[in-house]
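Here's a quick briefing on a ligand site and some ring packing. Have a look at the model first.

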Amino acid sequence: MDNILNAIKECAKEISQMLKYCDFGYSNTINKTGDTQLKLDVLSDEIISKKLSKLDNIKALISEEKDEILNLNENAKFIVAYDPLDGSSLVDVNFSVGSIFGIYDSKISPKNLVASLYFVYGPRLEMVFCLDKPYLFRLDENSEFIKIKELKLTQKGKINATGGSQWEWSDTHKSLIQNLFNEKYRLRYSGAMVADLHQILLKGGGLFSYPSTTNAPNGKLRVVFEILPFAYIFEKAGGFTSDGFLDTLFNLEISSIHQTSPCFFGSKFEIQKVRKFYLGEINESN
Ligand code: P6P
């Protein structure tokens, strides 16, 4: 897998450079989940698929920007699923955005996810890579990713990253979010999941939620290349995940490579609270 990791690192460096001086315009296409593709999305996807397609231990590639799976080497071991540029619509306001990768062994299923990594294109280029434990890396002046520290989540945090539009939230979700604010949690939400989840990981805890909404009953975020790679990292960091009802996002059943799901990532205290609200055990008055 080292050759895949090294190739992905080179892609991230190339994308990071591109973001500094690129055209923010929209292409005239939309992706499988209906997002209008920015030229940046397409260019980032091209950088990644061009480099990874050369590796003979990659069976296939799955990309947010590709409708179908790209089959490469039938007898190879790894399938790489990725979102090449998450939050790309925020580049034109100079917010931090990122790339997300899940590495699956032989088939796309939660239990076959064997490694995940993501990059944050912010004031600094940072990477979090997780096999058995998540580690933070930072690009240094020699263009090398230097290991900084292991990431661990505490039992309880202070950050409330609230995805989706409030007028589209269910009453249950509104009660949950208000309950956390009543407990003095602080709103920290940029609209780019990579940056928002990275902040919770580095601050040691909190809750990120993108729930079922009236506009997106199955949530907005994609299971295979956004939700599961982050769930892998959060749970290896001692955190917890849920769709509101499951005791882990790894119990999701995958039927489509572009499938979405409601998702919650956080420390133990927050995810226990999410499931109590969604399972109807408590409400705002508790
Ligand atoms: P909303 C970015 O477009 C993205 O896919 C995620 O990075 C982010 O968490 C979410 O959508 C933001 O969606 O509806 O809150 O603007």
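A polar side-chain atom of Asp-86 sits 2.5 Å from an oxygen atom of the ligand, a polar contact here being a pair of N or O atoms within 3.5 Å. Keep in mind that this is a predicted model, where local features need pLDDT of at least 70, side-chain atom pairs count only at pLDDT 80 or more, and totals for chains, interfaces and linings use all residues. Residues are numbered from 1 along each chain as its sequence is written, and side-chain values use heavy atoms, with hydrogens and water left out.

**Ligand contacts**
- Gly-164 brings a backbone N or O atom to 3.2 Å from an oxygen atom of the ligand.
- For Met-193, a polar backbone atom is 2.8 Å from a ligand oxygen atom.
- The protein buries 79% of the 400 Å² that the ligand exposes when taken alone (Shrake-Rupley method, 1.4 Å probe).

**Ligand shell**
- Residues around the ligand (a heavy atom within 4 Å) include Gly-87, Tyr-189, Phe-208, Lys-220 and Arg-222.
- Sorted by class, that shell has six nonpolar, three polar and three charged residues, with Gly counted as polar and Tyr as nonpolar.

**Aromatic pairs**
- The structure has ten aromatic pairs (ring centres within 6.5 Å; planes under 30 degrees apart are stacked, over 60 edge-to-face, the rest tilted).
- One of them, Tyr-232 with Phe-250, is edge-to-face, at 6.5 Å centre to centre and 65° between the planes.
- That pair links distant parts of the chain, with Tyr-232 in helix α5 (residues 223–236) and Phe-250 in the loop between β14 (240–242) and β15 (263–266); helices (H or I, at least four residues) and strands (E, at least two) are DSSP runs.

Terms used. A polar contact is a pair of N or O atoms within 3.5 Å; within protein, one must be able to donate a hydrogen and the other to accept it, and residues adjacent in sequence count only if both atoms are side-chain atoms. Rings of Phe, Tyr and Trp (its six-membered ring) pair if their centres lie within 6.5 Å; planes under 30 degrees apart count as stacked, over 60 as edge-to-face and the rest as tilted.
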